[in-house]
Amino acid sequence: MATATWRYRGAPGSEQPAVLVQFSNGRLQQTGSMRFTVYRNRDAAHPRKKHRRILVSETERLSYVGNNFGSGAMKCNSLCSYFVGVLDKDSGQMEVYNAEIFNMQPLLSDNLVPDDTKDYQNKSYREKMDLCIEAFGTSKQKRALNSRRMNAVGSDIFNAAVTKAAANIIDAKGVTALIQDVAQDDVQNISTFLPPCNEDADKPENVYKFEDILSPAEYEALRIPAAAFVNITPEEITKKTQDRSHCCFVLEELKFLPANEKSRDHKARCLWFLDTLVKFSYQKVIKTKYPMGHECPQIISKKLMRNFTSLTYNNSSVQNLVSASMKAKITAYVIALALHINNFQINLTVLQNDLKLKESR
């Protein structure tokens with residue numbers, strides 16, 4: 001390609017280097033007719049951005065642009081140094097200045113500097129920022145901009161497809177039938193996390209029946225591990241409180257075990273299972289066959305694994321996971337069991353702390 005060079009001498013004592021330009025598409029014939037404008041990055045504090053320059057030139061036929069950064073910058077500027085010497089013919093002395101080469105390429109656009117700025121003024125702040133990123137942004141910013149624009153296009157196509165599909169379903173089934181389906185789905189989704197609910201119950205204890213929380217066989221299996229609670233002494237409760245070996249709700253309720261032997265045994269079994277549920281909610285991935293230890297009855301371990309974990313595939317194996325939805329289910333069962341234990345009046349704040357739940361949750 002033919003080249004042409006235009007020299008601009010920087011001011012003495014200025015950090016601004018002299019500018020050398022070459023045109024990629026031809027040789028400059030009349031240097032006096034060319035006018036150049038230099039734009040610099042405003043971020044003067046940034047170690048790299050403060051040196052960035054964009055050089056713009058216009059002729060009657062074409063506009064040219066060159067820069068010293070990005071893919072359009074000339075690599076020779078980083079490989080060696082250039083200087084411009086200015087000879088004073090009268091004194092015979094030459095002044096030497098640092099120089100930088102710009103490769104001017106034709107800009108095939110007729111609106112490099114538009115006369116009418118109405119379109120620009122009507123653009124949103126985001127659109128103006130996008131234009132700045134296109135001109136002055138880093139490679140990372142430009143990739144992020146292209147990615148966002150592609151996602152926006154994909155989102156528009158997806159939304160249009162969803163809207164069309166929804167309209168077809170509404171036309172086929174009707175609005176009333178769809179409302180009924182949604183209501184039924186909501187009931188089914190809720191029922192997967194709550195114990196079976198009897199909406200026609202005549203007493204509080206029949207809303208969430210105790211047998212739906214603990215089956216007779218599971219209740220019987222709790223007799224042996226709960227025996228430690230049945231015969232617990234005030235000194236042991238104090239020690240367990242200091243050791244924090246059980247949740248606060250259980251430790252508080254152990255102070256008020258009934259004197260009646262049957263009632264005392266019943267409450268002890270319920271408290272032992274509630275404490276086990278709370279501790280099980282702290283688990284994440286179940287890696288052992290007995291996650292709550294060998295003192296936990298096998299039928300209870302199976303109940304925990306079957307009802308309060310979800311299966312997931314990871315590292316070429318199937319694992320039992322206590323997911324967020326399963327923790328919500330454990331919370332529901334803990335509250336229902338606590339209501340049975342405490343005559344259907346409980347302080348949810350204590351259980352919230354035991355289950356490590358946020359206030360919003």
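This is a predicted model: local features need pLDDT of at least 70, side-chain atom pairs count only at pLDDT 80 or more; totals for chains, interfaces and linings use all residues.
Where does F344 sit in the chain? F344 belongs to the loop between helix 13 and helix 14, the latter spanning 348-354. R244 is another residue with a positive phi, near 55°, and it is not a glycine either. R244 lies in the loop between helix 9 (234-243) and helix 10 (248-254). With a relative accessibility of 73%, R244 counts as exposed.

Let me now step back to the whole protein. Its secondary structure comes to 14 helices and 10 strands. Of its 361 residues, 30% count as buried. Among contacts with a separation of 6 or more, 52% are between residues 24 or more positions apart.

I turn next to the packing of helices. In general, two packed helices are described by the angle between their axes and the distance between the axes. Consider helix 11 (261-281) and helix 13 (residues 324-341). Their axes are 10 Å apart and the angle is about 160°. Helix 11 and helix 13 are therefore roughly antiparallel to each other, as the cut-off for that description is an angle over 145 degrees. Their crossing is left-handed. On the side of helix 11, the contact is made by K267, C270, L271, F273, L274, L277, V278, F280 and S281. On the side of helix 13, the residues are K327, I330, Y333, V334, L337, A338 and I341. Sorted by class, this contact has 13 nonpolar, 1 polar and 2 charged residues.

How does helix 11 pack against helix 12? Here the angle is about 45° and the axes are 12 Å apart. These two helices are therefore oblique to each other. Helix 11 passes helix 12 in a right-handed crossing. In this contact, F273, T276, L277 and F280 of helix 11 meet I300, K303 and L304 of helix 12. By class, there are 5 nonpolar, 1 polar and 1 charged residues.

Let us stay with helix 12, which covers residues 298-307. Which of its residues are buried? They are I300, S301, K303, L304 and M305. The elements that cover these buried residues include helix 6 (210-213), helix 7 (216-221) and helix 11. Strand 8 (285-286) and strand 10 (317-321) are also among them.

My next topic is the aromatic rings. A pair of such rings is described by the distance of the centres and the angle of the planes. How many aromatic pairs are there? The count comes to 4. One of the pairs is F210 with Y219, which is edge-to-face, with 5.8 Å centre to centre and 85° between the planes. F210 counts as buried, because its relative accessibility is 14%. In the pair of F308 and Y333, the centres are 5.2 Å apart and the planes stand at 85°, so this pair is edge-to-face. The pair links distant parts of the chain, as F308 and Y333 are 25 residues apart. F308 is in the loop between helix 12 and strand 9 (310-314), while Y333 is in helix 13. Both partners are buried: F308 has 0% relative accessibility, and Y333 has 9%. Elsewhere, ring pairs link F23, F36 and Y64 into a cluster.

Finally, I return to helix 13 and to two further residues in it. T331 is found in this helix and is buried, with a relative accessible area of 13%. Leaving aside residues up to four places away in sequence, T331 touches L355 and L357. A332 is also found in helix 13 and counts as buried at 15% relative accessibility. Which residues does A332 touch, again not counting those up to four places away in sequence? They are F193, L194 and P195. The C-alpha atoms of A332 and L194 are separated by 5.7 Å, although these residues are 138 residues apart along the chain.

Thank you for your attention.

Notes:
Residues are numbered from 1 along each chain as its sequence is written. Side-chain values use heavy atoms; hydrogens and water are left out. Buried means under 20% relative accessible area, exposed over 50%, partly exposed in between (1.4 Å probe, protein chains only). Helices (H or I, at least four residues) and strands (E, at least two) are DSSP runs, numbered from the N terminus. Contact means heavy atoms within 4.5 Å. Axes are lines fitted to C-alpha atoms, for helices over the stretch in contact, and angles run from 0 to 180 degrees between N-to-C directions. Angles under 35 degrees count as roughly parallel, over 145 as roughly antiparallel, 65 to 115 as roughly perpendicular and the rest as oblique. A crossing is left-handed if the near helix is turned anticlockwise from the far one by less than a right angle, and right-handed if clockwise. Ala, Val, Leu, Ile, Met, Phe, Trp, Tyr, Cys and Pro count as nonpolar, Asp, Glu, Lys and Arg as charged, and the others, Gly among them, as polar. Rings of Phe, Tyr and Trp (its six-membered ring) pair if their centres lie within 6.5 Å; planes under 30 degrees apart count as stacked, over 60 as edge-to-face and the rest as tilted.
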